[in-house]
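Here is a short briefing for a first look at this structure. Start with the order of the elements, then move on to overall dimensions and the sheet.

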Amino acid sequence: MKCAKCNKNGKRSHKQAGKIYCDKHYTEIIEKRIRKYLRINKKIDTKQEYNLKGPKEEKEILKKILENIFNKRLKITNKQTNNTISAQTADQEAEELINEFLQNTTQKETKDIKPFGHITEKELQILKKIYKITIKQRQTKKLDEIEEKYPGTKFSIIKTKEFLKNKK
Ligand SMILES: [Zn+2]
């Protein structure tokens with residue numbers, strides 16, 4: 001399949017919003033989304049040190065993407081800091097919200113920066129393949145059950161959250 005951007009036939013192709021992309025351009029599109037989020041929210045200050053939160057492989061991919069975006073100017077440390085960048089994806093955030101709703105609880109809002117907050121679990125899996133990071137897929141079980149019954153639930157939850165945020 002030919003990439004919509006460079007018109008090259010790649011070994012692998014990835015579908016995104018109805019178009020096909022090669023490894024390079026798929027990564028570019030996802031990185032652009034993360035870049036936009038970080039820029040709009042003015043989240044990261046390169047004078048500060050940051051620690052990463054999440055499973056090992058997720059942190060690895062997060063680090064690679066942040067290095068690309070910040071051209072290695074970002075200081076990442078293994079120490080605990082007040083500046084945490086989390087590898088949480090949109091799916092996991094949606095699942096957390098569902099759990100809160102079902103259990104009628106509220107989690108404390110964290111200050112964590114979530115560059116993957118607009119990235120789905122599926123997109124993250126593709127990035128892992130591109131970056132050759134092998135791990136098993138994280139399951140968001142309860143949400144997957146609901147999604148099966150009511151297709152589109154995951155995105156509805158995220159849309160609702162954004163809507164509520166913008167109303168504030
Ligand atoms: Zn391409």
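Read from the N terminus, the chain's elements follow the order β-β-α-β-α-β-β-α-α-α-α. That makes six helices and five strands. The model is a predicted one.

**Overall dimensions**
- The chain has 168 residues and a radius of gyration of 17 Å.
- A compact globule with 168 residues would have a radius near 15 Å, so the value for the chain agrees with that rule.
- Along the principal axes, the C-alpha atoms fill a box of roughly 50 × 45 × 35 Å.

**Burial and contacts**
- Buried residues make up 23% of the 168 in the chain.
- Take the contacts between residues at least 6 apart in sequence: 69% of them join residues at least 24 apart.

**The sheet**
- Three strands form an open sheet in the order β4-β3-β5, and their pairing is parallel.
- Which strands stand at the edges? They are β4 (75–77) and β5 (84–86).
- Each of these two has a single partner strand, so one side of each has no neighbour in the sheet.
- From one strand to the next, the twist averages 45°.

**The pairing of β3 and β4**
- Strand β3 covers residues 49–53 and pairs with β4 in the parallel sense.
- Three bridges make up this pairing.
- Tyr50 has Ile76 in β4 as its bridge partner.

Technical notes:
Residues numbered from 1 in each chain as written. Predicted model: local features only at pLDDT ≥ 70, side-chain atom pairs only at ≥ 80, totals over all residues. Helix = DSSP H or I, 4+ residues; strand = E, 2+ residues; numbered from the N terminus. Rg over C-alpha atoms; globule rule 2.2 N^0.38 Å. Buried ≥ 20, exposed ≤ 12 C-beta atoms within 10 Å, placed from the backbone. Contact = placed C-beta atoms within 7 Å. Pairing = 2+ DSSP bridges. Axes fitted to C-alpha atoms, helices over the stretch in contact; angles between N-to-C directions.
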